[in-house]
Amino acid sequence: MDSLTASTTAKPTLRVAAFCGSLRKDSWHRGLIRAAEELCEESIPGLRIDHVDISGLPMVNPDLETDGGKGFPPAVEALRDSVRAADCFLFASPEYNYSVTASLKNALDWASRGKRNCWADRAAAIVCAGGDFGGARASLHLRQIGVFLDLHFINKPELHVRAFAEPPKFDEEGNLIDAETRERLRKVLLSLQAFALRLQHNMDD
């Protein structure tokens, strides 16, 4: 049996808030999140992906905060509610200029502001797609950002998809079509599930 395969019994359902760093309609990264949703429904009991749309967030601006930093615009409040409600996180992060996208950084910043850092002390995983390095430099930068946010990223396995290499990894609509990459994504999700459950167990002790 695959050592990463989750037991099908007595596991609580973990809510995974998934964030796509690309706003493009046919983004590979949105395709990775769709594939993750399908994999959880097909073969990973106890794990549920909830895509959180960050396209409508205003840019971070303390002037938009109210009540001494406790209140936020409606779109930001909705984001913070989604982050607080999640058991763990999945970031599908493109690489722009060796870093994460402005839209993803904006979401990370909004949910960390105010009296409560909404990200703190939960498990997270990163999946990337790109050119020769498969988005690895953005992944590394996101891990650095996560240190301050108190996110606990899984270390293995990593998924940096070389999207231009043969065989094709995505179709024209950004859907993941490569079976090997899909299996690698499944193992990332299983690792995230196991780590999130372990963190929850440690906190309950």
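Reader: What do the buried residues of helix 2 pack against?
Author: They pack against strand 1 (14–20), strand 3 (88–92), helix 3 (102–110) and strand 4 (122–130). Contact means heavy atoms within 4.5 Å. Helices (H or I, at least four residues) and strands (E, at least two) are DSSP runs, numbered from the N terminus. This is a predicted model, where local features need pLDDT of at least 70 and side-chain atom pairs count only at pLDDT 80 or more, while totals for chains, interfaces and linings use all residues. Residues are numbered from 1 along each chain as its sequence is written, and side-chain values use heavy atoms, with hydrogens and water left out.

Reader: Which residues of helix 2 are buried?
Author: Val-76, Leu-79, Arg-80 and Val-83 are the buried residues of helix 2. They sit on the same side of helix 2, because they cover an arc of only 95° around the axis. That arc is taken from the directions from the helix axis to the C-beta atoms. Buried means under 20% relative accessible area, exposed over 50%, and partly exposed in between (1.4 Å probe, protein chains only).

Reader: Why would residues three or four places apart point the same way?
Author: An α-helix has 3.6 residues a turn, so residues at that spacing point the same way.

Reader: OK, helix 4. How many residues does it have?
Author: Helix 4 has 14 residues, 136–149, and reaches 20 Å from its first C-alpha to its last, close to the 20 Å expected at 1.5 Å a residue. The expected span is 1.5 Å times one less than the number of residues.

Reader: Which of its residues are buried, and which are exposed on the other side?
Author: The buried residues of helix 4 are Ala-138, Ser-139, Leu-142, Ile-145, Gly-146 and Leu-149. They cover an arc of only 120° around the axis, which puts them on the same side of helix 4. On the other side of helix 4, Leu-140, Gln-144, Val-147 and Phe-148 are exposed.

Reader: And what covers the buried residues of helix 4?
Author: The cover includes strand 3, helix 3, strand 4, strand 5 (151–153) and strand 6 (159–162). Just after helix 4, Asp-150 has a positive phi of about 65°.

Reader: What lies in the loop between strand 4 and helix 4?
Author: Gly-134 lies there, and Gly-134 counts as buried at 0% relative accessibility. Leaving out residues up to four places away in sequence, Gly-134 touches Cys-128, Ala-129, His-160, Val-161 and Arg-162.

Reader: Different topic. How many disulfides are there?
Author: A search of the whole structure finds zero, a disulfide being a pair of cysteine sulfur atoms within 2.5 Å. Cys-40 is in no disulfide, and the nearest cysteine sulfur, that of Cys-88, is 9.1 Å away.

Reader: What about Cys-20, how far is the closest cysteine sulfur?
Author: The sulfur of Cys-20 is 11 Å from that of Cys-128, too far for a bond. Cys-20 is buried, with a relative accessible area of 5%.

Reader: Last one. How many helices and strands does the chain have?
Author: Five helices and six strands, in the pattern β-α-β-α-β-α-β-α-β-β-α along the sequence. Buried residues make up 48% of the 205 residues in the chain. The C-alpha atoms of the chain fill a box of roughly 50 × 45 × 25 Å, taken along the principal axes.
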